[in-house]
Amino acid sequence: CQRDVHNAFTFCVQCRPTFKAFPARSAGGCRAARPRFYVYLNITYYIIISDGSPRARRPGIRMGPDRLEQWPRFNCNNVHLRSMKQILRGFSHERGVHSDTTALRDVFAAAGHRFPEPLFFGIGEGLGFFYWNGRNLSRPIIGGRCGNLELDRRACAALGAGLAIRESSSPKRAQETMLAMLDAGRPVMVHADAYYLKYLRRGTHYGAHCVVVAGADRDKGVAYLADCSRDGLIEVPLEDLAEARASRHKPFPPQNRWFEIDVPERVTADRGAILNAIGMNATEMLNSTIRNVGIGGIYYFANCVRAWDATYGAKALGPICREACVHIEGDGTGGGCFRNLYADFLAYAARATGAGELAEVADGYRRVGAMWSQLAKMMGEVACGCTALSEVSDQALAIAEKEHELQVSLMTAANLCCRRR
């Protein structure tokens, strides 16, 4: 890079800098013929102009702009821009479907391994169902994926990546660790309460929302997040992010949780890993020992929903149905209670493994996803009296029967035994 030193310093003068010139020294202590200048700016960055000579070890003279005419030309081999704003080089992000799978996709892509998002959901055995209606809950909770943190553990294990899930009772320590990982060039996958992430505009707490921190600006006090709901990076104050990570609200309080993922140089999603994940997921769906989980959980939900008006009262029925509708069809599910996302994985798996049976099941799961979407629409009409709870129950029973059939087909296609180990 050929630069005129006076022009370079003129740019700096406009930024009100402080100049310090350190004459380089040779091995014998004599002044080198071509000195190096350090220019420190009193703004968010500084410029170092270097001629490649050894770093000066001794303090030098102070030099103002009026004395720069003594050095009319300068061969600048290296110009380094250093900023308090730090975004990981090469990190890219696009809108995704689910927060966990989008975050995993971004972390693996940052390490040089690009896979489609549905692969992480499927190979992590993410498909599931649970219906929680415990006595300590004011309203029931419906979910269409496996348990919290299980998807991340399974996906990393299947792809050969190391995973350590850390938590801290200290928000300050969690933030310092996050910034240290960024300084080391690693994206930081964290859990945060979506209620405190203002750009999401959520009115309810959910502490297992996953984002990737891809940069920070310490001067401005902001972090740059990759979120499944947006393209590109989002600027969020560090204080807001710390509050979201330290939230104690249920469900799933984040507890300042972060994920340390060690992605190996070589990552492959081979035929065996894909079929194994499909078989294990089918085993879990079909053979759950808990009545409100898996295929049995869908049957249990279909029976319970008939009595919601008697269980929770007519006044609470409207909000409960609207919230259940969000859990089934809302952002982060891909629509159809995660069934559309799993159908995309099965279509990918059919191409990757050459198993044509998986493509047929993928089409079946798209139809099941449409059935779940219809059920969510029906639940939204319960409050106005357009749909009865008995109709919702009948729809849930039809879904349970269809999913039972599809899971048996997946078990057969994967050619695995019914025992997990």
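Start by selecting E403: at 0% relative accessibility, this residue counts as buried. Buried means under 20% relative accessible area, exposed means over 50%, and partly exposed lies in between, with a 1.4 Å probe and protein chains only. E403 sits in helix α13. Helices (H or I, at least four residues) and strands (E, at least two) are DSSP runs, numbered from the N terminus.

This is a predicted model, in which local features need pLDDT of at least 70 and side-chain atom pairs count only at pLDDT 80 or more, while totals for chains, interfaces and linings use all residues. Residues are numbered from 1 along each chain as its sequence is written, and side-chain values use heavy atoms, with hydrogens and water left out.

**Stop 1: around E403**

Keep E403 selected and show its contacts. Contact means heavy atoms within 4.5 Å. Leaving aside residues up to four places away in sequence, E403 touches M285, I295, I298, R339, Y365, V368 and W372.

**Stop 2: α8 against α13**

Now select helix α8, residues 294–304, and helix α13, residues 389–414. They pack at an angle of about 170°, and their axes are 8 Å apart. Axes are lines fitted to C-alpha atoms, for helices over the stretch in contact, and angles run from 0 to 180 degrees between N-to-C directions. The two helices α8 and α13 are therefore roughly antiparallel to each other. Angles over 145 degrees count as roughly antiparallel, under 35 as roughly parallel, 65 to 115 as roughly perpendicular and the rest as oblique.

Colour the contact residues next. On α8, they are I295, I298, Y299, F301, A302 and N303. On α13, they are S393, A396, L397, A400, E401, E403, H404 and Q407. By class, this contact of α8 with α13 has eight nonpolar, four polar and two charged residues. Ala, Val, Leu, Ile, Met, Phe, Trp, Tyr, Cys and Pro count as nonpolar; Asp, Glu, Lys and Arg count as charged; the others, Gly among them, count as polar.

**Stop 3: the core**

Which residues touch the most other members of the largest nonpolar core? Select I278, F301, W308 and Y365. The core has 107 residues. Helix α12, residues 356–380, gives the most to this core, with ten residues. A nonpolar core is a set of buried Ala, Val, Leu, Ile, Met, Phe, Trp, Tyr and Cys residues joined through side-chain atoms within 4.5 Å.

Zoom in on Y365. Its contacts are L127, R339, Y342, A343, L346, E403, L406, Q407 and L410, not counting residues up to four places away in sequence.

**Stop 4: α2 and α4**

Move to helix α2, residues 99–110, and helix α4, residues 150–158. Their axes come within 10 Å and cross at roughly 35°. The crossing of α2 and α4 is right-handed. A crossing is right-handed if the near helix is turned clockwise from the far one by less than a right angle, and left-handed if anticlockwise. D100, T101 and L104 in α2 meet L151, D152, A155 and C156 in α4. The contact of α2 with α4 divides into four nonpolar, one polar and two charged residues.

**Stop 5**

Most residues other than glycine have a negative phi, and most peptide bonds are trans. Select K250 and P251: the peptide bond from K250 to P251 is cis, with omega near 0°. P251 is in the loop between α6 (238–245) and β15 (258–262). F252 is also found in the loop between α6 and β15. Phi of F252 is near 60°, a positive value in a residue other than glycine. F252 is partly exposed, at 24% relative accessible area.

Jump to C337, in the loop between α10 (314–329) and α11 (339–353). Phi of C337 is near 60°, a positive value. Is C337 buried or exposed? At 1% relative accessibility, C337 counts as buried.

**Stop 6**

Draw a line from G112 to V263. Their C-alpha atoms are separated by 9.2 Å, with the two residues 151 apart along the chain. G112 is in the loop between α2 and α3 (117–123). G112 is exposed, with a relative accessible area of 58%.

Next, take P319 and G380: 61 residues apart along the chain, C-alpha atoms separated by 9.4 Å. P319 is in helix α10.

Finish with D217, in strand β12 (residues 209–217). D217 and L238 are 21 residues apart in sequence and 9.0 Å apart in space, C-alpha to C-alpha.
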